[in-house]
Amino acid sequence: MRFAHLRGPDSSDIRLAVIEESTAILVSDLLSPGPGTLQELIAGGDDALEALRDALANVDAPRHPLGDFGFASAVIDPPVVLAVGLNYAAHSSELGLKTDTAPTVFTLWPNSLTGHEQTTAWPRALSESVDYEAELGVLIGRPAKDVTAEDALGTVWGYTVVNDITARDIQFAEAQWSRCKSFDGFTPTGPFVVTADEVPDPQDLHIWAVVDGQTVQDASTGQMVRSVATLIAHLSQSITLQPGTLISTGSPGGAGYSRDPQIFLRDQSIVTVGIDGIGELTTHCRIHD
C-alpha cells in the first residue's frame, strides 16, 4: 500500500490517504474512527493495517484526484528521526571524511520535516553553502530491541524518500551535525510512504537527485556501506527503536560540495530526489536576506 499526508484548501487540515495511481482515498472515508496520521496507523500495529486493507476492499469510498491536494511531510510526529552519515563510500570520500568502523548517527529535529512541492527557505547570512542529499528513509513498525541483521527487515513498516538538506559550512564548523541539517524545512520526506511488502529488497533500488534540471546523484542503494538490515540491528543494540521511528540511511556520491565547480542550492533552485518504486520528492528553495 501507498500512503500520503495530504493538505486541502485549508493548509492546516492534514488528512491521511491511501494512494492508488493518481487518486487518493481518505482514510477517514474508510474507517470511522480511523487513524488520522501515519504515526497513529503504525502504532495500531498489524491489526490496524489489516482493518484498513479490509475497508479498502469492501467500502465504496470516494476516489479524489491527487492533484486536488497539496502534500504535508510523509512522516508526521515520529518518535525520533535518526540519520546515518557516511554510509556510501563515494560520499565519504568526496567530503574528505573517514567511514568509521561503526555508523555515524545523529538526530534530525522535528521542525525540519516538510513535504513534497513545499518551499524551504533560509537566511543568506546563515549559509550560502546549502547542499542536497538523496536518501532512503526507513520506518520502523514494531518495537525493535537487540534484533539480528537476519531478522531486522521484519521490523520495517515501510519506506519513503528523504532529502537530507545540509548547510555544509556549518557542518564543517561544528562537531555535531544535527543543527546544520535541521533548519526549518531541511528534511523533506515523501511524497509517499510505501509498505514494506512493496519493497522486496531495500538494497536493490535506484536512487537519484536532480538540481535545476541537472542529474547530480545517480546510484543504487546496493552501494551502502552498511545495509538497512545492518543499520537496524546496530541501532537496536543500544536503544529500542519505537514504532514510527524514521531512519534516514545516508546519501550516495554526487553532493554539490564536492563538485568542480561546486553546486549549492540557490534562491529559486528546484531539487528533486527520488527512489524508483517509492516516489519523487521535489523541494523549492528560497534564500532571503
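Predicted model: local features only at pLDDT ≥ 70, side-chain atom pairs only at ≥ 80, totals over all residues.
**Entry: H284.** Next I looked up where H284 sits, and found it in strand β19, which covers residues 279-288. Leaving out residues up to four places away in sequence, H284 touches E117, Q118, T119, T120, S269 and I270. I also checked H284 against A43: they are 241 residues apart in sequence, and their C-alpha atoms lie 32 Å apart in space.

**Entry: the sheet around it.** One of those contacts, I270, turned up again as the bridge partner of H284 in β19. Strand β18 (residues 270-275) runs antiparallel to β19, and I found six bridges joining the two. Stepping back, I traced an open sheet of five strands in the order β9-β19-β18-β15-β16, with mixed pairing. At its edges are β9 (118-123) and β16 (214-220), each pairing on one side only. Direction ignored, neighbouring strands of this sheet are turned by 20° against each other on average.

**Entry: the cores.** Which residues have the most contacts inside the largest nonpolar core? I noted F3, L38, L136, I232, L265 and I278, in a core of 74 residues. I followed up on L38: beyond four places in sequence, L38 touches F3, H5, L16, A74, L139, W157 and V193. Another core, of 10 residues, lies apart from the largest one and includes A4, L6, A24 and L26.

Key:
Residues numbered from 1 in each chain as written. Heavy atoms only, no water. Core = buried A, V, L, I, M, F, W, Y, C linked by side-chain atoms within 4.5 Å. Buried < 20%, exposed > 50% of the residue type's maximum accessible area, 1.4 Å probe, protein only. Contact = heavy atoms within 4.5 Å. Helix = DSSP H or I, 4+ residues; strand = E, 2+ residues; numbered from the N terminus. Pairing = 2+ DSSP bridges. Axes fitted to C-alpha atoms, helices over the stretch in contact; angles between N-to-C directions.
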